[in-house]
Amino acid sequence: MMCMFCKGNVVRKRVKYELVGEVLGIFPVEVCVKCNERFYTKETSMLIEKVARKKGLWDLKSKTKVSRVGNSLAVRFNKKLVEFLGLNKGEEFSIFPESKDRIVISRNR
Ligand SMILES: [Zn+2]
């Protein structure tokens, strides 16, 4: 097989797959030796999704709305995200804007 991006050689490897900082496992994948692009078969993609779902790591992206709490505005974390993060009430975070459309929230620990 030839890489569709750089035409380099593609070889079969077993590669560690991580999602949101958690190791899901070692999976078979085709890797371009030149540009390192990875090509997953449909079966491998489905297996990765299955493992991620089982570990509660799938679909952590969600929509949320700003709500008013007293004189402040608050953003809610849904249950799935709270469980993944192991979040507790009263925990302290740092928050800063990267731009007007992107905010970074990091845990202080
Ligand atoms: Zn390539």
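**Exposure, pairing and domains**

Analyst: In this predicted model, Asp 101 has 6 other C-beta atoms within 10 Å and is therefore exposed. Asp 101 is found in the loop between strand E6 (93-97) and strand E7 (103-107).

User: Does E6 lie largely in the open or is it buried, and why?

Analyst: A residue counts as buried if 20 or more other C-beta atoms lie within 10 Å of its own. Of the five residues of E6, the number that are buried is zero, so E6 lies largely in the open.

User: Which residue of E7 is the bridge partner of Ser 94?

Analyst: E6 and E7 form a hairpin with five residues between them. The two strands run antiparallel and are joined by five bridges. In E7, the bridge partner of Ser 94 is Ser 106.

User: Which residue in E3 is the bridge partner of Val 31?

Analyst: Strand E2 (residues 22-32) pairs with E3 in the antiparallel sense, over two bridges. In E3, the bridge partner of Val 31 is Arg 38.

User: What distance separates the centres of domain 1 and domain 2?

Analyst: The domain assignment of the protein chain gives domain 1 as 10-54 and domain 2 as 66-107. Taken over C-alpha atoms, the separation of their centres is 31 Å.

Note on methods: Residues are numbered from 1 along each chain as its sequence is written. This is a predicted model: local features need pLDDT of at least 70, side-chain atom pairs count only at pLDDT 80 or more; totals for chains, interfaces and linings use all residues. Domain bounds come from an automatic or database domain assignment. Helices (H or I, at least four residues) and strands (E, at least two) are DSSP runs, numbered from the N terminus. A residue is buried if 20 or more other C-beta atoms lie within 10 Å of its own, exposed if 12 or fewer, and partly exposed in between; C-beta atoms are placed from the backbone. Two strands pair if DSSP finds at least two bridges between them.
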